Amino acid sequence: MTTIFVYAPALAHTKLHHPENSARIAHLLPQLEQLNLLMDLKALRAVPATWKQLRRIHTEGLIKYVEAVCRRGGGLLDQGDTYATADSFDLASLAVGGTCTAVDEIMTGRAHNGFALVRPPGHHAETDNVSGFCLFNNVAAAARQAQLEHGVERVLVLDFDVHHGNGTQDIFFEDDTVLFVSMHLFAPYFYPGIGGLHEIGTRQGRGFTVNVPFPPGVGDDGYLKALKEYVRPIVARFDPELMLVSVGFDAHWRDPLAMAGLSLKGYGLMAQTLIKMAGEMCNGRILFVLEGGYQHDVLAYGIANVFNALLGRDSIHDPFGPMPEPEQDVSELLEQLKNRNLPN
Ligand SMILES: [Zn+2]
């Protein structure tokens, strides 16, 4: 069994005092080495995305806009806090290209599973808009790569970054060949403010967008219960040929940007469950793609735990333990979700 990783830390895409800065994963490889993981993984070199790969998911206007801002030295790309430096266009292209290369390895059988450790993150980038620190949508490009280069008909994109994957939802909202499932915190004034349970896709994509909007402080049990009891049967009915996982470690209780209450153990168990699902449903073909996560130790341990799970090991590092506060019960939310009449 071969587990691959592609590492594109985008060191020159960074901004002082910004949470999404290059220090997030700049020191990741020595940390993985210390946890005795690197020797068991196969490293892939990231290559820049082609114009065609970018155009499958974004408008020409958006791509050219990002390029133009970078070519004149960088700056803010939106009204929020999505920045670019002079190098960001090239580095965001590398993140997309690296993620697509990982898909190639898995779909050709050269690798079993893997993890794209890329920056900038992608899941907030919409068809025609950058947003939420995201320039180009890495995971969406990966789904299209599998479909258009490898003949895959059905791809699952499961997102459990603490923020709703509005960009990925936007790109696949009318599409019945990509099932998009987002498990995220949903609360007043919490970014990006969409991802409610009634957003289910439209036209032929109706029923192929599934949102699980959690209350604050949901914690390990709620996440695992929602995944096993609600999401899993929907994924099984969809019968994916490849599973892509947008994983952000900002749902951890120590993360400075949110308050969803997952622990490292909870993350590890989520990863193990998803990998088991991939084993049962699609020959083990699963690729994790890094999104957010702003507490650097949590990020490093969380990534290491995903690698352990990909390698088939049960061990989970959790030096921080569970959230100190009590967890919120999600039974009522799951009942509400199950009682909706979805077409699939
Ligand atoms: Zn996030």
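## Close-ups of a predicted model

**View 1. Strand 1 and strand 5 run side by side.** Six bridges link strand 1 with strand 5, and the two run parallel. This is a predicted model, with an average pLDDT of 97 over the chain and 99% of the residues scoring at least 70. Pick out Phe5 first: its bridge partner in strand 5 is Phe115. Further along, Ala8 sits opposite Val118 of strand 5. Strand 1 is mostly covered, with six of its six residues buried. Thr3, Phe5 and Tyr7 point one way, while Ile4, Val6 and Ala8 point the other way.

**View 2. Strand 5 is covered on both faces.** Six of the six residues in strand 5 are buried. On one side you'll find Asn113, Phe115 and Leu117, and on the other Gly114, Ala116 and Val118. Strand 5 pairs with strand 10 too, in the parallel sense, over four bridges. Asn113 has Ile286 as its bridge partner in strand 10.

View 3. Eight strands make it up, in the order 2-1-5-10-9-6-7-8, with parallel pairing. Strand 2 (42–44) and strand 8 (209–214) stand at the edges with a single partner strand each, so one side of each has no neighbour in the sheet. From one strand to the next, the twist averages 15 degrees.

**View 4. Strand 9 meets strand 10.** Strand 9 (residues 242–247) and strand 10 run parallel and are joined by five bridges. Look for Ser246, whose bridge partner in strand 10 is Val289. Two helices pack on the sheet around here. Helix 4 touches strand 1, strand 2, strand 5, strand 9 and strand 10, and its direction makes about 175 degrees with that of strand 5. Helix 9 (residues 296–310) touches strand 1, strand 5, strand 9 and strand 10, at about 160 degrees to the direction of strand 5. As for confidence, strand 10 (residues 286–290) has the highest mean pLDDT among the elements of the chain (99), while helix 10 (residues 331–338) has the lowest (94).

**View 5. Strand 7 is buried from end to end.** Eight of the eight residues in strand 7 (residues 178–185) are buried. Val178, Phe180, Ser182 and His184 lie on one side, with Leu179, Val181, Met183 and Leu185 on the other. Strand 6 (residues 155–159) pairs with strand 7 in the parallel sense over five bridges. One spot to check is Val155, which stands opposite Val178.

**View 6. Helix 3 packs against helix 4.** Helix 3 (residues 60–71) and helix 4 (residues 88–107) meet at an angle of about 135 degrees, and their axes are 8 Å apart. The two helices are therefore oblique to each other. Helix 3 brings Val66, Glu67 and Cys70 to the contact, and helix 4 brings Ser88, Phe89 and Ala92. Sorted by class, that makes four nonpolar residues, one polar and one charged.

Key: Residues are numbered from 1 along each chain as its sequence is written. This is a predicted model: local features need pLDDT of at least 70, side-chain atom pairs count only at pLDDT 80 or more; totals for chains, interfaces and linings use all residues. Axes are lines fitted to C-alpha atoms, for helices over the stretch in contact, and angles run from 0 to 180 degrees between N-to-C directions. Angles under 35 degrees count as roughly parallel, over 145 as roughly antiparallel, 65 to 115 as roughly perpendicular and the rest as oblique. Two residues are in contact if their C-beta atoms, placed from the backbone, lie within 7 Å. Ala, Val, Leu, Ile, Met, Phe, Trp, Tyr, Cys and Pro count as nonpolar, Asp, Glu, Lys and Arg as charged, and the others, Gly among them, as polar. pLDDT is the predictor's confidence in each residue, from 0 to 100. Two strands pair if DSSP finds at least two bridges between them. A residue is buried if 20 or more other C-beta atoms lie within 10 Å of its own, exposed if 12 or fewer, and partly exposed in between; C-beta atoms are placed from the backbone.
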